[in-house]
Amino acid sequence: MARRTAEPPALPGLAEAAAPAEEAPHYHGHRERLRTRFAEAGAEALADYELLELALFRSIPRRDVKPLAKALIRRFGSFAEVVSAEPARLAEVEGVSAGVAADLKLIEAAGRRLARGAIAARPLLSSWGALLEYLRATMAFSGREEFRVLFLDRRNHLIADEVQGRGTVDHTPVYPREVARRALELSATAIILAHNHPSGDPTPSGADIRMTREIVTVLDPLGIVVHDHVILGRDGHASLKGLKLF
C-alpha cells in the first residue's frame with residue numbers, strides 16, 4: 001500500500017494574505033472629496049443636492065446617497081424646501097426612512113434656532129435684515145399658510161413670537177381682538193405681523209390689506225403700534241409698510 005505524505009501545516013496568516021483585499025465601495029472616495037470641498041471652500045461652493053448629500057451621509061452611512069439627494073431636490077425644489085417639508089411628504093420619496101426625515105427636520109430646527117439667536121435681545125427695527133432672515137427660515141417654505149405676531153417692548157426688543165393661526169394653502173383666519181388681547185397680556189407696546197404665502201408669491205392680497213388695517217384700527221386706541229406686516233414667500237418678501245398699504 002502506498003504511503004501518503006503528510007502536508008506541511010499552513011503558516012499563520014498565509015491564507016489571509018493570499019485572499020484578495022475587499023475593495024471599498026465606490027462612493028467612499030466621493031464622500032471624502034465632498035467633505036474636503038466643504039471644509040476648504042464652504043457651503044457656497046456646493047450645489048443644493050451636494051449639501052443635502054453631506055447631511056445624508058450620517059443618516060445613511062452605507063449607501064450612495066447622491067441619487068436620493070437629487071430625487072429630493074427634484075421633488076421639493078431646493079435644500080431649504082427639502083428640510084422644511086413635512087415628514088409625511090418626505091416619506092413619499094423612496095429611500096426616506098423615519099430616521100432620515102427626523103434628521104432633516106433637525107437641520108430645519110437648528111437653522112431656525114440660529115436665526116432666532118440673531119434677533120434675540122436686539123432692537124428689531126435696527127436689526128431688520130436679521131429679522132427677515134429669521135422669518136424666512138421660519139415661514140417662507142411652509143406648505144400651509146400661518147400667521148404669527150412678534151410682540152415688542154418699549155425698546156423694540158422681542159417679548160414673544162407666537163403663531164396666531166395656521167390654515168390651508170391660501171387662508172388663515174386671524175382675529176384682531178385676539179391679537180389685541182394677547183398684546184395687552186404681554187404688556188407689548190408694538191407688534192410686527194408676519195405670514196407666508198405657500199404659492200411662493202409674496203404679493204399682498206386684498207384680504208391681507210384689509211386684515212392689517214383692521215388690526216391697526218383695534219390696536220391704535222390701546223397705544224400699540226403696528227410696525228409692519230411682512231409677507232414671506234419662496235420668491236422673496238413684501239412689506240405692507242414699505243408699500244404704504246396701511
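Charged side-chain contacts in the predicted model

The charged end of K70 is placed over the ring of Y49, at 4.8 Å from the ring centre, where a charge is taken to sit over a ring if NZ of Lys or CZ of Arg is within 6 Å of the ring centre and within 35 degrees of the ring normal. The model is predicted, so that local features need pLDDT of at least 70 and side-chain atom pairs count only at pLDDT 80 or more, while totals for chains, interfaces and linings use all residues. Residues are numbered from 1 along each chain as its sequence is written, and side-chain values use heavy atoms, with hydrogens and water left out.

With a salt bridge defined as a side-chain nitrogen of Lys or Arg within 4 Å of a carboxyl oxygen of Asp or Glu, the count comes to 15. One of these joins R112 to E108, with the closest N and O atoms 3.2 Å apart; both residues belong to helix α7 (residues 98-117) and are four residues apart, about one turn of the helix. R112 is partly exposed at 31% relative accessible area, whereas E108, at 12%, is buried (buried means under 20% relative accessible area, exposed over 50%, partly exposed in between, with a 1.4 Å probe and protein chains only).

A further salt bridge, at 3.6 Å from N to O, is formed by R116 and D161, and this pair links distant parts of the chain, R116 lying in helix α7 and D161 in strand β2 (residues 158-166), 45 residues apart. Helices (H or I, at least four residues) and strands (E, at least two) are DSSP runs numbered from the N terminus. R116 and D161 also take part in a network of salt bridges that includes E146, R148 and R166.
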